[in-house]
Amino acid sequence: VFNLEDDHGTVLASTSSGIWRHRADSPLFTQIVASPVAGSTPGDDTEAAVDPTGSAKHYAASSAGLWEEPSGGGAWVLHTPPGPPGNTYANIVIDGPRVYAATRNEGIGRWDGSRWFGWLPNFCPGACPNSFRIANEVFAMMVDQQGDKWVSCWGSAMERLDDSVEPPVFEHKWIGPSDDYRHTLAFGATLDSTGAKDVNGAPLDAGGHWFGMDTNDLGVVVPLGLDYSDSTGAHVGSWGPGSPVGSLVRNGKIRAVTVDKAGRVWVGYAGAANSGVDHFVRRPEQGYDFKTVANTTSFDVWAIVAHG
């Protein structure tokens with residue numbers, strides 16, 4: 001049993017085998033035929049209700065939409081949301097026929113070409129293998145070479161999502177008691193290019209993940225600068241002003257990052273001083289080809305995209 005409701009004199013239990021009802025004139029619970037099953041993931045713990053007009057028709061709400069019991073019995077009808085969870089968008093990414101729309105604090109929607117699915121900003125306690133910890137404060141998103149989605153939920157987790165399977169599988173990064181939660185505060189994200197080659201012609205850093213980091217409390221929480229994980233998802237390092245030794249990153253607050261087809265990483269800084277655009281190959285540190293674009297160091301950069 002995942003939910004228990006008392007609605008107009010009927011007790012409704014949402015369970016892993018469907019919805020069961022108990023009426024005052026019956027000593028037993030009776031299973032409602034073909035009713036949707038419930039699960040432990042937030043949004044899947046179905047909320048059941050009965051029609052207050054006396055028709056005895058039942059309804060159920062889940063993250064998939066609104067389920068309606070047909071008057072003559074049989075398979076329940078699913079009414080899906082007509083749009084994403086909200087309209088205050090923070091990011092949109094595309095993976096084949098699917099579009100992912102992230103809002104600031106209303107959740108994340110996925111459009112598959114025919115209907116919307118929503119992950120709402122409900123907190124999930126515990127391991128949460130099939131759900132976001134909380135789909136809230138989302139800014140940076142990307143799709144990597146494996147088709148996994150990386151979603152930065154500020155202060156909660158850097159989420160890695162595989163929704164090619166059902167239920168989807170989540171990996172929650174930077175949630176340990178000793179982890180630095182600043183790694184969740186990403187504003188920009190980009191996949192490393194396969195264009196750059198080493199001396200033997202092999203791709204350099206193909207499929208790695210770059211994140212431009214921000215802060216959730218300016219002046220108190222110091223932003224990390226650039227964060228990088230390799231193609232497997234393993235964290236490689238962070239580069240901020242003077243950290244580590246040899247880092248050439250000029251500003252820790254980075255809203256924009258992209259990689260061109262030659263493998264050069266372009267970075268756009270926030271602010272009106274010591275900002276603008278830098279670019280480099282492989283690493284933003286001494287010993288690599290690192291340059292600042294002339295006459296940009298007063299630009300407050302919000303986005304940057306490599307094209308062509």
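Modeller: Contact here means heavy atoms within 4.5 Å. Keep in mind that this is a predicted model.

Biologist: Which residues does Met-141 touch, not counting residues up to four places away in sequence?

Modeller: Met-141 touches Asn-91, Ile-92 and Val-93, and also Tyr-100 and Ala-102. Trp-150, Val-151 and Ala-189 complete its list, with residues up to four places away in sequence left out.

Biologist: How many residues does the largest nonpolar core have?

Modeller: A nonpolar core joins buried nonpolar residues through side-chain atoms within 4.5 Å. The largest one has 15 residues. Met-141 is among those with the most contacts inside it, together with Ile-108, Trp-119, Phe-132, Val-138 and Val-151. Two or more residues each come from β10 (98-103), β12 (116-119), β13 (138-143) and β14 (149-153). The largest share, 3 residues, is that of β13. Another core lies apart from this one and has 13 residues, including Trp-210, Leu-226, Val-249 and Phe-280.

Biologist: Now to charges. How many salt bridges does a search of the whole structure find?

Modeller: A salt bridge pairs a side-chain nitrogen of Lys or Arg with a carboxyl oxygen of Asp or Glu within 4 Å. The search of the whole structure finds 14. One of them joins the side chains of Lys-57 and Glu-68, at 3.0 Å from N to O. This pair links distant parts of the chain, 11 residues apart: Lys-57 is in the loop between β5 (47-50) and β6 (58-62), and Glu-68 is in strand β7 (residues 65-68).

Biologist: Are Lys-57 and Glu-68 buried or exposed?

Modeller: Both Lys-57 and Glu-68 are buried. In another salt bridge, Glu-171 and Lys-173 have their closest N and O atoms 3.1 Å apart. The cut-off for buried is under 20% relative accessible area. Lys-173 has 14% relative accessibility, so Lys-173 counts as buried. Glu-171, with a relative accessible area of 37%, is partly exposed.

Biologist: How should I read Asp-180 and Arg-182?

Modeller: Their side chains meet in a salt bridge of 2.8 Å, N to O. Asp-180 counts as partly exposed because its relative accessibility is 25%. Arg-182 is also partly exposed, at 22%.

Biologist: Which residues are linked in a network of salt bridges?

Modeller: The network links Asp-95, Arg-98, Arg-110, Lys-149 and Asp-163.

Biologist: Which residues make the nonpolar surface patch of about 340 Å²?

Modeller: Val-1, Leu-4 and Phe-29 make that patch. Leu-4 belongs to strand β1 (residues 3-7). Leu-4 has 57% relative accessibility and therefore counts as exposed.

Key. Residues are numbered from 1 along each chain as its sequence is written. This is a predicted model: local features need pLDDT of at least 70, side-chain atom pairs count only at pLDDT 80 or more; totals for chains, interfaces and linings use all residues. Side-chain values use heavy atoms; hydrogens and water are left out. Patches are made of residues with over 30% relative accessible area and no salt bridge: like charges are joined within 9 Å, nonpolar side chains (Val, Leu, Ile, Met, Phe, Trp, Tyr) within 5 Å. Accessible areas come from the Shrake-Rupley method with a 1.4 Å probe; for residues, only the protein chains shown count as cover. Helices (H or I, at least four residues) and strands (E, at least two) are DSSP runs, numbered from the N terminus. Buried means under 20% relative accessible area, exposed over 50%, partly exposed in between (1.4 Å probe, protein chains only).
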